[in-house]
Amino acid sequence: NREDTNPSKNRAKILQCLYTSRYKSHRDRVPKPAEGTCTWVTEHQKYQDWSKKEASGLLWLSADPACGKSVTASFLVTHLESQRNATVCYFFFKDDNTEQKSAIFALCAILHQLFVQRKPLSKYAEEAFEAKGEKFAEEVDTLWDILAKAVAEGGCGDVICVVDALDECEEETLAPLIRRITCLPGSQTSNVPLKFLVTSRPYHRIEIELSSMGTTIRLKGENEIKSIITDVTRVIDEGIRNLELVWGNHGGLEYLRELLRSSADRTFLWVSLILELLRNSVDGSRAELIDIVSTAPASLDELYTKILSKSTDHDKARRVLNIVVAAARPLTLIEMNNALTVRRDYESMRVLQGDLYPRPETTVKNWCGLFVRVIDSKIYLVHQTAREFLIKGSLPGRGNWQYTLSPKDSNFIIADICISYLSREEFSGSPLAMDARGRISKEAVNDYLEKYSFLDYAVRHWADHFRDSQDNGMELFEFTRLICGAGSKHCLTWFQVYWFNIRRYHIFPKDFTHLMMASLLGQGTVVGRLLEEGGDLNARSRLYGTALNIAAVEGDEGITKRLLQKSVKAYFYGKGYNILHTKQSELGVL
């Protein structure tokens, strides 16, 4: 059948819509497994039961924090690719990156991999693409239906999806994803050759959901103490061998091997951090190395405290950690350098550039030590447990670091940085070129972003950080006037870049007021303040109507209600209406 062998006529556009995350680089964040580790999973009877199952099925590998779930998941991707005649797709959740914490991004990544490996299957997304355009890639149910149908009818053989750290997926999209996955072994889809292998911590809420159908195969890594200890021992052995190679001391560190084995807390992370401390020792003397291991705290929390207590500058370390914890995505070293340098009183980018740190990676590591890692020039916390160590909760922390960071305060710090950056004089007189139809060229945007290295992050995320600063953010209200006010030259350039990212194919509005901008960006507190101040609340954008039109289109119920309470009008077909005093029949469009 010719149709069955031809990919979708819109294949290139569909693939572009589905490539919402750099899923390969996200997997590359995961350390490589030590030789011989992780094999206990593939030898386990529960894994064998799932693997040999002819029909669809779900295997849930649970394990405690820092016990190597992500390393194991990455290992299993490679193992399945080499051992089975199946199409293997994957996704690694992380809650430190907007690209890695949504089930929508996960399903997009899985479909993208599937369509790249099996080109004809892209036709199964054709109907949704033609009906919804690029928005088809924004719905869990739509994406899942495409996946199930493609696998069931596409004749592609077995498809296996490895999904790591399910517990780090945002709650909003996690529930529908789990509901779909747990239906795999049901009678309606039992003939679909689609299997899922998911990992997570053994949280009760996930256990309830994943075990709801009673057909989930669960491999409890938290009960496999002997296997975990064996793998930790292998990690120690490989680490000691590497240290001996570095120092040309073959067989001379046996005393460290035994000391580590007796001290290990049975988590891979604890061992890897101690091995890194050994690698970074000043002189590598026997006395120093023994002291590092023998005085190492027995728990991760205590080890984190010890690492941060050695910072060369505690205040700057805390600022870095606030930024890393709250950032919407991992910052590059160049972006972090700008973020650490910018201040409200800097008027010119030239002054900012003159104060940049010459070696940002070394600087950040001097401040934060092993608590952060730099991978592909991006800055990450060493582990999810490090984030949990820092962020305030209901329990009191120990020492000067544990539970000391507030999300509200962290977001305020980044909002201040972003707004201060966008307030620079360079952005007041360099609007981007637009074509005759009022659209911005991709080349102009890329050239601008290349010239100003922190602009992309500031443009995309300042409003979210401002909103998440809650009441703290209003300290920056007057600064937002500068970059959002009607007729502000500072507004034009950054808003052009923002508009290109979110409304690329729509005509750019040059006539937005601050109230319209706040309504678009979901800034309820700013909308409230502007409504109190009065002014021309019914100002109208020629193309997009009033602030009420904009809030309604964005689906922001809270802001829409605020605007209605102040009798802000909406425009339909060039005529203004007070919605609260207008009959539906008069509008004609509702």
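Q: How much area do domain 1 and domain 2 bury between them, and what share of it is on carbon and sulfur atoms?
A: The size of an interface is often given as the accessible area lost when the parts come together. In this predicted model, domain 1 and domain 2 bury about 840 Å². Carbon and sulfur atoms carry 63% of that area.

Q: Which three residues supply 49% of the area that domain 1 buries against domain 2?
A: Trp 40, Ala 66 and Cys 67.

Q: How many residues of each domain are in contact?
A: Domain 1 brings 11 residues, and domain 2 brings 10.

Q: How many salt bridges and polar contacts cross this interface?
A: Count the two separately. The salt-bridge rule finds zero between domain 1 and domain 2. Polar contacts join five residue pairs, with both partners at pLDDT 80 or more. On the side of domain 1 that touches domain 2, six residues are nonpolar, four are polar and one is charged.

Q: Now a local feature. In what sense do strands E6 and E7 pair?
A: Antiparallel, over four bridges. E6 spans residues 372-375, and E7 spans residues 378-381. Arg 373 faces Tyr 380 of E7.

Note on methods:
Residues numbered from 1 in each chain as written. Predicted model: local features only at pLDDT ≥ 70, side-chain atom pairs only at ≥ 80, totals over all residues. Heavy atoms only, no water. Contact = heavy atoms within 4.5 Å. Buried area = accessible area lost by both parts, 1.4 Å probe. Salt bridge = Lys/Arg side-chain N within 4 Å of Asp/Glu carboxyl O. Polar contact = N/O pair within 3.5 Å; in protein donor to acceptor, adjacent residues only side chain to side chain. Nonpolar A, V, L, I, M, F, W, Y, C, P; charged D, E, K, R; others polar. Pairing = 2+ DSSP bridges. Helix = DSSP H or I, 4+ residues; strand = E, 2+ residues; numbered from the N terminus.
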